[in-house]
Every structure is written in structure tokens, then in C-alpha cells.
Amino acid sequence: MKVHTRHPTRRGFLKGSGALSFALLATGSAAVLPSATEAQPLPDGRVTAWVTITPDNRMTIMFGSAEMGQGVSTSLPMIVAEELDADWSTVASEQVSTDPEGVYGNPMAGGILFAAGSSSVEGYFTYLRQAGAQARQILIRIAGAHWGVPPEEVTTRQSTVLHEPTGAVMTYGEVAALPDPVWPSGEMPQAELKLRADWSIMGTDVERLDIPGKTTGAPVYSIDVEVPDMLHGALLLSPVEGETPTLNSDTDARAVDGVVDVIVMDHAVAVLARSYTAALAGRDALDVRWTETSPFRKANSADELAALAAAADDMSADAVVWESRGGDQAAFSSADVVTGTYTTEHVYHAQMEPLNAVASVDADGMGAEIWLGTQSQTASIMIAAAVLGTTPDRIRFHAMQMGGAFGRRTVFAREQMRDALLLSKAAGRPVKLVWTREDDVKNGWLRPATVQRLDAALDAEGYPTALRHRIASPSIFQFAMPDRWNPETRRDLLVMEGAESSDYDFGTFQAEHVLVPRRSRLSAWRGIGWAPNCFARECFMDELAERAGIDPVSYRRRLLAGSPRALAVLDAAVAMSDFGNPPEGRAHGIAFAGYKKTLATGVAEVSYEGERLRVHRFWTAIDPGIVIHPQAYRAQVEGGILFGLSSVLRERSTFTKGQIDQSNFYDYEPIRISDIPEIEVRFVESGEAPSGGGEIGVPMTAPAISNAVRRLTGESQRRLPFVTGS
Amino acid sequence: MVTLNVNGRTVDVNAAPDTPLLWALRDELKLKGTRYGCGAGMCGACTVHIDGQATFSCQMTIGDAAGAEITTIEGLSETGDHRVQQAWIAEQVPQCGYCQSGQIMRAAALLANNPRPSRQEIVDEMSANLCRCGTYPRIIRAIERAAQEG
Ligand code: FES
Ligand code: FES
């Protein structure tokens, strides 16, 4: 990696702009941004400045990824600011909306703008440190040249450059304001990164940059966007996937005050109006007939669960091997095989901001301005270009703060944007398309149900010598990303990840996927495959331990003996919860669960108040590698645990004849504040590189609660949500 | 045309009296801090004060709101420094933020009516509002903090 610098003759922009800006180059290096007059502005009129320092010594740092509440608008800039030796109190941050030069993408996501799977900090960490360190070197060179001293003698501290031998000092703002700076010429070697002991920003709980605004109602979500001349759109969506409408009459709809147009689409009838309430009233007044020929008319969730159970048990069914270790397949035919079967039902995301999109298509129909809350700006721009049959440079994209996402806003939210584009094009005006909560519930892209069968061959002491984890589920990947689905290998990481059990030594091990045809729309959900898969495995572990007459901690300790990091989180959780010594009338349950490289153990303390399951306390010990912002990470873990608890207590989507039975929060109700336990989060330091925090709270929670309930009642809860859950 | 008193000002709203207050605030008066979550009185994202009481604005028409003192998140304090807002920052409550206007409005009304609520009273009152991001533990801590500092 080389630092690119500009020849001094090209420095005119500094005088003109009064600010010093750095760009990120495709190589990952930092460079002084070429003069504003020379630079090619982006289609939205902006020049790609990555870090901008103004003469008042303030600094704005652009970040890739996307803010949906997980705190990346603070944690990613912290990484840059640390290596830049910035004074954090001068830093502001801004989300990148487009990336035509391909420099802001997540290195872990193939270099595209994509925030999912807890990958932001993990993916950007090294990349941003190096770029930040290079930008600091550039500041040093400019100051050194200005003072006429060798750059090696120039140091930095808190947004200040210093030359100790002469006592010369300048703030970064003063460097930015230099009337005639000499920019470094030639190439600099890769910059040295700060030692961890010298960090003053990373690892601290600086105030999150997005929080003050979120206490005054100030953030603008896409649902809040207003564009001149904009129409509000509501859709009457096909009740069953794949059906098309025939308009019997729109006379009453058009008669509604404020309704401007009624547009028939292939899967919906849209009402465009001057207000959203008028659009909804118009929608109510439509008279529409549907084709009623969709094969999904036969789709029932109860049938799907039965089919999954049959597939999991049918050993002749075609299974895709996801992971295989050791080779003694014969072990599963021996006499001493124990089987456990676990079920997870369909769930819906219930992000608090219903899906919506704002689009303004250009007069020629070949370009558009779009406002969207999305987990992938890059994918959204590609999809928008495809919808209009144009090129990505014609899409002026605004990535908005999201009112929650949890997996729903990756590629799984493309329909709203497509529809908003088509409607804006048809109407010749900007359109804001908003799904009602009912639309959002009834058109959910659900996490698929799974039935998971585990078989263990046991030795004389009751430990597995072979273990098979067989998961029956439709493929999320095949449905949601058909263009990237490989029909040969049929590997679906969105369903299968987490089934590897790579920290465990089971002797022979196999995880396999029995693919069953889908009966609903599908997507990933917070915790992705890890949540259902760790639920099944960790419940099974406890049942095996009990069978062997061994306590669940010792039992796991032996099987996890080859993974020091796993043992460390297990032991820490046991210690912090005083595991196994609950107050009278309560029980403890434990589960070890990872999410990718992050490892955790959770302990739940439960009781029943009459029929009502109460989770009183939840402890977790987590090894997330280096934590950039501990406070934000804890908040993610708390949120993840509560997500997991919600899936235990009552979350369930069902469908009948292709229609989701639930409508709104009265029949799909995530947990409320009255349901929550006291949560204690402890970090176990391993010094590993940072790994993600968005999902890790989810996978451990359900099995820890289930294992606690079994201890309390003697009955296994092998299904999510629990059968006697609330 | 309906005349409303919003955040201490009298405003004319050019909409039918049966228009939900939520949509009049958001789309007519451009007060976007009050959020739409469900339209069914189930989530509290739309919570405002009607004569000091926390109320789901999606469940009230502007016809019914006429004559009442309506306060939205934008009018809770001039500079965002209501003690509940300060406590929200101190406890770093918000994640995505979408539910937080409603949470803060309900918490502020609770403390105005009951300056020293017990934990159970906090939980009972705040159960009206959903937060999908799971900021509940921090909401409780922030209300306790605001009560102490109030
Ligand atoms: S939007 Fe009013 S309670 Fe949900
Ligand atoms: S902060 Fe996201 S819903 Fe509450």
C-alpha cells in the first residue's frame, strides 16, 4: 500500500476551499484531495472527500456501512480519528451514500457498501487504521515543509502538529488554513500504526455522535423525506405472492379528496395522493380482483412445519453437507445413538419504521434521485439502475438513517424502491411510498422455519463420539439472491452458518442441510443461522449432559477443551452468574454460542409466575476481540438478548393459503419493557482483532432460557417460540 | 380546516376533522419527530402530550384534539435539554432512534405526573411503547436518573 500525494503545482484548491480534504483511494491509501476545480464532482454535485479539516479545526469523517442503530456512525470514525491523532471533540461523521470510485466498501463484503452480519467494524478495522495513519503522515509532511524541518521530527497530539526542537505548534485547522502549503511529493512507505497502549479514542466510551439528535426527534428517516411536488403512495398489494390485479373500479378511489392517480402494477394497485391519509382512503375504496391462481394459495405454515419434520427424519432425503470432520459415518448406525429434534417457527423483523422509499425519476426516465434506508447502498443503486434500464451513474442516492433493519433492509427490501421508481416514472412526479404496518407484517420476508435433528453416538461416559446436526429448512439464499445462488453446491450460509460447531470436539461431526421448497418469502433475521442452529445444539448439549449425569458446565468444558477462548467465556459466565445457585423457586440455564469469530456464553435465571415464564436475570461473558466502543457494543448485546428473548416468548408468523395471518403489533407483538430481565454483560479480552456485536446477543439467549426451564420444570422446551411461553 | 394549539402556537390545519393527529402533525405541520409505527395504538412511536397526558396521536383525530394543548417532541424543550432528554444522553439510550421521541414523551409525562416513580410504575407506564432495538434497560435507568436529578 502506497501513499499517493499530489505534486505541489496542483495545490490550488486549498486556497479556494479553505479546507484540507483527504480522499480514500481504491488501493486503500489516503491522499490529499485534488483541487475542487480539477476533481470530478459526483452526480450529486459533491466531491468525494473522506476526511475534511476546516480552519476552525473541526473534522468531518465520512463512513461506509450504514447506521441502523448499531453505532457505526461513531465506531468507524473512531478508528480513523485514533490513527489521525484527532481531538475527538472536534469530530463529526457522515454516512456515504454512493461509492462510484469503490473506496468505501466493506472489505469483508466484497468491497461493496453493505451493513449486515455484524461485519462493519470487523471488516473496516485494518483498512481504516492504515488510511487514517497515512492521512496523519500527510499532515506531518505539510507541517514539516512549512516549518522547514524534517518530518521525522514532527509529531502529533490531539489534532495538533508539533515540532519539539523549535517549539513550533499548529492545530490541524491551522494546517488546513495554510495559504500556500507545500504538499509532500513522492511516495511514502506504509504508515506505522499506533500501539494499543497509546490509544486514546478506541476502546473508550466517547458519546455516540448520533444520540443527541435522537433525543429531539431530529433524525430524518426516509419516511420523513419531503420533496417538492411529491405525491404520497399507498399500495393495495397482492394478498398472495405472484398474483396480478384486475381493476374492477377505481371510481370511488378517485373520488376521494386528494387522490391524484390510481396506477395498476403487476403485483399491486397504487393510489397516489396529495397526502398519505388520502392515499389510504383511496386504497380502501378500490375494487380489485386478483388472479387467484398462485401456487402459494396452497401454502400453509402448519403444513410446512410438518414437511420439515418429515424431511429431518427421512434419512434418504437429499442432504447438502455443510461441514464434515472425522469420517466415521457408520457411528450413526450403532445402537447407542441419542436423538433430539428442535423446531423454530417463522418470525418477522418488526423494525419500528415500516418499509418505505422516496423516488424522483428524471424526465427522460433514465435517471433518478432516491432516498432509502438500506443496509446496502451499492446493491440498492444497482437494483435501481436495473429497474430503469439505466447505468448506476444516473442514480443519485441518499442513504438514510434506518428505523431498525435486523436483516430486512439488505437486498430483502428491494420491492419498495422498485415500486417507488415505477410510480414516480408513471406519475412524472416524486413519490413517497409507505407501507402501513399491516403491509409490513403481511408482506414480511420471514426467517424460515427449521426443524433440526441432532443424533449423537455416545461413549460409555456419555460424551459424543460422533454428532450429526441435520437442518431441514427452505433456502433463504436461493430465494433472496437467485443470481448468486449456486445450484451445484447449494450452500446456504444464511441458513447453515452456526451449525459448524467449530469450537466443539465431537469426534466425527457432520452438519447438513435438507432443502425443502419454500412456502413464503424469506430473509435473514438478526442472529441469522446462528440463532436457530445454536438453539438446537445447545439444548441438545444440556440434554446429553443430563443423560450422562454430568453438570452442563463440566460437560461442555470437556467438549470445548480445544478452544481456550470458548473456555474463557464459559468460565467467566459461570463465575459472574454464580451458576447453579439460583434463589429459591428459580433455575439457571447456560448456553455457549458464537457468532462468527465472536464467542459468548449466556446464563438465564427463570421462574414461572403461574403460567407466565419470567426471565429475571441474564448474564453474558463475551469475547469480541478488541472493542472499539464498549458502550455501543453493550447496547448491541442487550438488544440482541432481548431479540432472542422475544423469539422465546411469543414471536411467530403463521400463514394460511399463502396469506400471513398476523396484521399488526396486536397479533405480532415483540416483547415489551415489562418482559425484560436484568442484563449483565462482561467482556473477556483475548486481544483478537474486532469481531461483530450486532448478532451475538441472539444465539445464546433462547437455549440458555430453554435449559433453565428444563431444570425448573423437568420438561424440555424444544420449540421457538416456547409452547407455554407467555 | 381545524385550528390546533401545538407547542404553544395556534395553527390552522387544512385537513378534515377526522384526520388522525399523527398525520396532521407529520404531513401538514411538518413536525416529523412524531413517528408512525403501527397506527393502531400498539407501539407508542406517535406519543405526544395532550394537556400534559401521554397520548397516541395515531388514535386521536384533529377534530378531537382541537382546543387541547398539544406538545410534540419538538416542543418538549427549546434546546433539547429537558431533564429526560439529558438523562437519555447520559444513559446513551437510543439505538436506531425511531421509537425514542415517543419514549421520551411518555417518560416526560410520567415524571410530570409522578416525580418519583417506583421501578414498577416505570415499567407499567412504559409498557405502552415498543422498542424493537431493545433499549428498554437503558430507558428504565434514564427515567430513574431523571427522577433523581429532577
Ligand atoms: S403509531 Fe400510534 S401507537 Fe403505534
Ligand atoms: S431505538 Fe430502535 S426501536 Fe427503539
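This is a predicted model. Within it, domain 1 and domain 3 of chain A bury about 1500 Å² between them, with carbon and sulfur atoms giving 58% of that area. The contact involves 20 residues of domain 1 of chain A and 20 residues of domain 3 of chain A. The C-alpha centres of these two domains lie 40 Å apart.

**Domains of chain A**

Chain A is split into domain 1 (20-213), domain 2 (222-293 + 355-434) and domain 3 (301-347 + 446-720). Across the interface of domain 1 and domain 3 of chain A, the rule finds one salt bridge. A:Glu685 pairs with A:Arg196 in a salt bridge, with 3.2 Å between the closest N and O atoms. Four residue pairs are in polar contact between domain 1 and domain 3 of chain A, both residues being at pLDDT 80 or more. On the domain 1 side of chain A, helix 2 (72-83) and helix 3 (120-147) each supply at least two of the residues that touch domain 3. Helix 2 of chain A has the largest share of that side, with four residues.

**Chain A against chain B**

Here 63 residues of chain A are in contact with 49 residues of chain B. The two chains bury about 4300 Å² between them, 59% of it on carbon and sulfur atoms. On the chain A side, A:Met352, A:Arg672 and A:Ile673 lose the most area to chain B, together 19% of what that side buries.

Seven salt bridges are counted between chain A and chain B. A salt bridge joins B:Lys30 and A:Glu226, at 3.0 Å from N to O. Polar contacts link 30 residue pairs across chain A and chain B, both residues at pLDDT 80 or more. Elements of chain A that give two or more residues to the side touching chain B are helix 5 (211-214), helix 7 (276-284), helix 11 (437-442), helix 17 (630-649) and strand 28 (678-683). Helix 17 of chain A gives the most to that side, with nine residues.

**Domains of chain B**

The assignment for chain B gives domain 1 (2-75) and domain 2 (83-149). Their centres, taken over C-alpha atoms, are separated by 21 Å. The contact takes 16 residues from domain 1 of chain B and 14 residues from domain 2 of chain B. Between these two domains, five residue pairs are in polar contact, both at pLDDT 80 or more. Strand 3 (47-50) and strand 4 (53-56) of chain B are the elements that give two or more residues to the domain 1 side touching domain 2. Strand 4 of chain B gives the most to that side, with three residues.

| Interface | Buried area | Carbon and sulfur share |
|---|---|---|
| Domain 1 and domain 3 of chain A | about 1500 Å² | 58% |
| Chain A and chain B | about 4300 Å² | 59% |
| Domain 1 and domain 2 of chain B | about 1300 Å² | 55% |

**Helix 9 of chain A**

Why does the length of helix 9 of chain A agree with its residue count? At 1.5 Å a residue, its 12 residues (377-388) should span 16 Å, and the end C-alpha atoms are 17 Å apart, which agrees. Buried residues in helix 9 of chain A are A:Gln377, A:Ala379, A:Ser380, A:Ile381, A:Ala384, A:Ala385 and A:Leu388. An α-helix has 3.6 residues a turn, so residues three or four places apart point the same way. The buried residues of helix 9 pack against strand 5 (91-95), strand 16 (356-361), strand 17 (368-372), strand 18 (395-399) and helix 10 (414-427) of chain A. A:Gly389 follows helix 9 of chain A, with a positive phi near 65°.

Key: Residues are numbered from 1 along each chain as its sequence is written. Chains are lettered from A and ligands numbered from 1 in the order in which they are written. This is a predicted model: local features need pLDDT of at least 70, side-chain atom pairs count only at pLDDT 80 or more; totals for chains, interfaces and linings use all residues. Side-chain values use heavy atoms; hydrogens and water are left out. The expected span of a helix is 1.5 Å times one less than its number of residues. Buried means under 20% relative accessible area, exposed over 50%, partly exposed in between (1.4 Å probe, protein chains only). Contact means heavy atoms within 4.5 Å. Domain bounds come from an automatic or database domain assignment. Buried area is the accessible area (1.4 Å probe) that two parts lose on being put together, summed over both. A salt bridge is a side-chain nitrogen of Lys or Arg within 4 Å of a carboxyl oxygen of Asp or Glu. A polar contact is a pair of N or O atoms within 3.5 Å; within protein, one must be able to donate a hydrogen and the other to accept it, and residues adjacent in sequence count only if both atoms are side-chain atoms.
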